[in-house]
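Please read the following note with the sequence and the model side by side. The points are numbered so that each may be checked in turn.

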Amino acid sequence: MYQFFTLRKIIKTIGNIPNLKVSQQVFTKLGEIDKELDKIKIFRSETDVNIKNINKNLLNISDVKIHKYNPYADMGVGGNQSFSAGIINKNGNGIILTSLYSREKSRVLIKEIENLNPKQELSPEEKIVLDMYKATKK
């Protein structure tokens with residue numbers, strides 16, 4: 001809001017200076033800047049709402065379980081740099097995030113969990129993470 005009044009004041013001041021010919025392009029540009037400022041204000045307020053929602057949802061997370069492993073142990077390479085991490089709320093809803101690491105490439109997978117039940121088939125390591133949650137629910 002402050003920028004809007006400042007912009008109006010600038011336009012009025014420039015218009016009142018004698019012998020100064022300001023082209024219409026300047027006023028057009030100032031108007032465009034004002035519109036962009038309005039868009040930024042809207043974006044900021046939407047971002048504030050989103051951050052508040054994220055913070056609220058983070059409070060619902062009951063725990064994060066992590067299982068580190070080597071998916072390529074049978075090939076004789078790698079170390080325990082891959083992992084599956086469960087981020088599940090008190091209601092048993094959330095995700096299992098898996099990162100598979102090798103020297104050539106890394107892959108990241110996300111699988112949804114509803115009521116402690118997977119929506120996609122889980123790998124044995126991902127099942128270990130889900131079983132960790134199930135053990136704490138009993």
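**Note on the core, the sheet and the charged pairs**

1. The largest nonpolar core consists of eight residues: Ile88, Ile96, Ile113, Leu116, Leu122, Val129, Leu130 and Tyr133. A nonpolar core is a set of buried Ala, Val, Leu, Ile, Met, Phe, Trp, Tyr and Cys residues joined through side-chain atoms within 4.5 Å. Helix H3 gives the most to this core, namely three residues. Helices (H or I, at least four residues) and strands (E, at least two) are DSSP runs, numbered from the N terminus.

2. The model is predicted: local features need pLDDT of at least 70, side-chain atom pairs count only at pLDDT 80 or more, and totals for chains, interfaces and linings use all residues. Residues are numbered from 1 along each chain as its sequence is written, and side-chain values use heavy atoms, with hydrogens and water left out.

3. Five strands form an open sheet in the order E1-E2-E3-E4-E5, with antiparallel pairing. Its edge strands are E1 (61-69) and E5 (117-118), each of which pairs on one side only. Helix H3 (residues 124-137) packs on the sheet and touches E1, E2 (82-89), E3, E4 and E5. The direction of H3 makes about 145° with that of E1; axes are lines fitted to C-alpha atoms, for helices over the stretch in contact, and angles run from 0 to 180 degrees between N-to-C directions. Strands of a sheet pair through backbone hydrogen bonds, either parallel or antiparallel.

4. How many bridges join E2 to E3? Six bridges join these antiparallel strands, and two strands are said to pair if DSSP finds at least two bridges between them. Within this pairing, Gly94 in E3 is the bridge partner of Ile88. The hairpin of E2 and E3 has four residues between the strands, and Gly92 takes a positive phi near 85° there.

5. Strand E3 (residues 94-101) is joined to E4 by eight bridges, and the two run antiparallel. Ile96 stands opposite Lys111 in E4, while Leu97 has Ile110 in E4 as its bridge partner. A hairpin of four residues joins E3 to E4.

6. Leu116, a member of the largest nonpolar core, touches Ile88, Gly92, Leu130, Tyr133, Lys134 and Lys137, not counting residues up to four places away in sequence; contact means heavy atoms within 4.5 Å. Leu100 has its place in strand E3 and is buried, with a relative accessible area of 11%. Buried means under 20% relative accessible area, exposed over 50%, and partly exposed in between (1.4 Å probe, protein chains only). Leaving aside neighbours within four places in sequence, the contacts of Leu100 include Tyr69, Pro71 and Tyr72. The C-alpha atoms of Leu100 and Tyr69 are separated by 9.1 Å, although the residues are 31 apart along the chain.

7. Is Lys111 buried or exposed? Lys111, in strand E4 (residues 106-114), is buried, with a relative accessible area of 16%. Its side chain reaches the backbone oxygen of Glu121 at 2.8 Å. A polar contact of 2.9 Å also joins the side chains of Lys111 and Glu126. A polar contact is a pair of N or O atoms within 3.5 Å; within protein, one must be able to donate a hydrogen and the other to accept it, and residues adjacent in sequence count only if both atoms are side-chain atoms.

8. The side chains of Glu126 and Lys111 also meet in a salt bridge (2.9 Å, N to O). Since Glu126 lies in helix H3 and Lys111 in strand E4, the pair ties together parts that are 15 residues apart in sequence. Glu126 is buried, with a relative accessible area of 1%. A salt bridge is a side-chain nitrogen of Lys or Arg within 4 Å of a carboxyl oxygen of Asp or Glu. Side chains of opposite charge can pair when their charged atoms come close.

9. The whole structure holds five salt bridges. One of them joins Glu32 to Lys29, with the closest N and O atoms 3.3 Å apart. These residues are three apart in helix H2 (residues 24-60), so about one helical turn separates them. Glu32 is partly exposed at 39% relative accessibility, whereas Lys29 is exposed at 52%.
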